[in-house]
Amino acid sequence: MHAQLLDGSATDVLSTVRRLGFLQIDPISSVAPPQQLVLWSRLGPYDRAELDRLLWEERKLIEWNAFIWPIEDLPLIQARMRSYRRGTRYTWQRRVSEFLKENARFKRYVLRELERNGPLLSRELEDRSRGHEDRWSEVWWGSRNVTQMLDALHWRGEVAVVGRQNGQRVWDLAERWYPETERVPTQESERVLAEKRFRALGVQLEKGRLLAHPEAVDGPVGNRVTFLSPFDRLIHDRARTETLWGFRYRLEMYVPKAKREYGYYVLPILRGDRLIGRIEPAYDRKAGALRVNGVFAEPGAPESAGLGIARAVRRLASWLGAKEIAYTGRMPPAWSDSLHN
């Protein structure tokens, strides 16, 4: 909890991202985009515009490969970019290389257009590919070869995401966006990134054993209640989550509705240093309502936790700008009165 700043010690967006190492980006936002929800779990109702300012104005954060990284880690990320350019170890790397080789003229067109007219959205570029859309279905999800080309060049560090318009990525040449940095060897980069991940986790699972980082701080954690994004690093490693807490968590959005155990987009409930249950909130933006479609308690969860959960729901609703909260699903009897009041 201390390593992941879930002890109430987080103070601002930038230092939180630096401590965690990165934020995962995902378009699904039943409540809020996961990169924002991860920050809310630690900071409470922070200014969501701050993340955009740090990314696109102050450039203290960068977006690469569906993650947000601190700018000081750019040398490490660029080492990974270089390894992607020459990589042949994985099937997807070979396929990307083949795609770029077979579409060399298309690549030159994209880079030329960005140089002359960038920054650009993908839809502002023509599809001049050789039509391998079906062939790359195992590598990319989407229907436009322009997006596939931009992603390939992005992975390799030739183009960069320099903004977002209504959620859509804005592209430009990487050399115009990234500052000059030192060159770090790939092996050293991966070692440093792995150390950063371990430090941010505090405890990691290796070959069935839990190992604590030498700098991990052990100490009491108050009964602060918050909800975790499905992409939160505290629970991202499902095996580690089960080993630490006996908490089996699966995201059920891709499970047929009739077969779901809990719900479409269920968030673990964290109280202090225990995962005590799950909650399925969904923000209805048109109605301005936060709907709670279900609340579920883990065996042994304290009956007194209902009040803290209710407060966390109200904090979430206020942060989202919801005008009302509606409990529409089942909930534990012991928490019912607190949640409805």
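This briefing covers a sheet, a helix pair and some backbone features of a predicted model. Because the model is predicted, local features need pLDDT of at least 70 and side-chain atom pairs count only at pLDDT 80 or more, while totals for chains, interfaces and linings use all residues. Residues are numbered from 1 along each chain as its sequence is written, and side-chain values use heavy atoms, with hydrogens and water left out. Helices (H or I, at least four residues) and strands (E, at least two) are DSSP runs numbered from the N terminus.

**Three-stranded sheet**
- Three strands form an open sheet in the order S4-S6-S5, with antiparallel pairing; two strands pair if DSSP finds at least two bridges between them.
- Strand S4 (120-121) and strand S5 (159-165) are at the edges with a single partner strand each, so one side of each has no neighbour in the sheet.
- Helix H6 (residues 104-117) packs on the sheet and touches S4, S5 and S6, and its direction makes about 90° with that of S6. Angles run from 0 to 180 degrees between N-to-C directions, and axes are lines fitted to C-alpha atoms, for helices over the stretch in contact.
- S4 and strand S6 (residues 168-173) are joined by two bridges, and Leu121 has Val170 of S6 as its bridge partner.
- S5 and S6 pair over six bridges, with Gly163 opposite Val170 in S6.
- A hairpin is formed by S5 and S6 with two residues between them, and Asn166 in its turn has a positive phi of about 55°.

**Helix pair H1 and H2**
- Helix H1 (residues 13-20) packs with helix H2 (residues 34-43) at an angle of about 105°, their axes being 11 Å apart.
- H1 and H2 are therefore roughly perpendicular (65 to 115 degrees; under 35 is roughly parallel, over 145 roughly antiparallel and the rest oblique).
- The contact (heavy atoms within 4.5 Å) involves Val13, Thr16, Val17 and Leu20 of H1 with Val38, Leu39, Arg42 and Leu43 of H2.
- Six residues of this contact are nonpolar, one is polar and one is charged (nonpolar: Ala, Val, Leu, Ile, Met, Phe, Trp, Tyr, Cys and Pro; charged: Asp, Glu, Lys and Arg; polar: the others, Gly among them).

**Backbone features in loops**
- The peptide bond from Gly118 to Pro119 is cis, with omega near 0°, and Pro119 lies in the loop between H6 and S4.
- Asn65, in the loop between strand S2 (61-64) and strand S3 (67-70), has a positive phi of about 55°.
- Asn65 is partly exposed at 23% relative accessibility (buried is under 20% relative accessible area, exposed over 50%, partly exposed in between; 1.4 Å probe, protein chains only).
- Lys207 has a positive phi near 50°, lies in the loop between strand S7 (203-206) and strand S8 (209-212), and is exposed at 88% relative accessibility.
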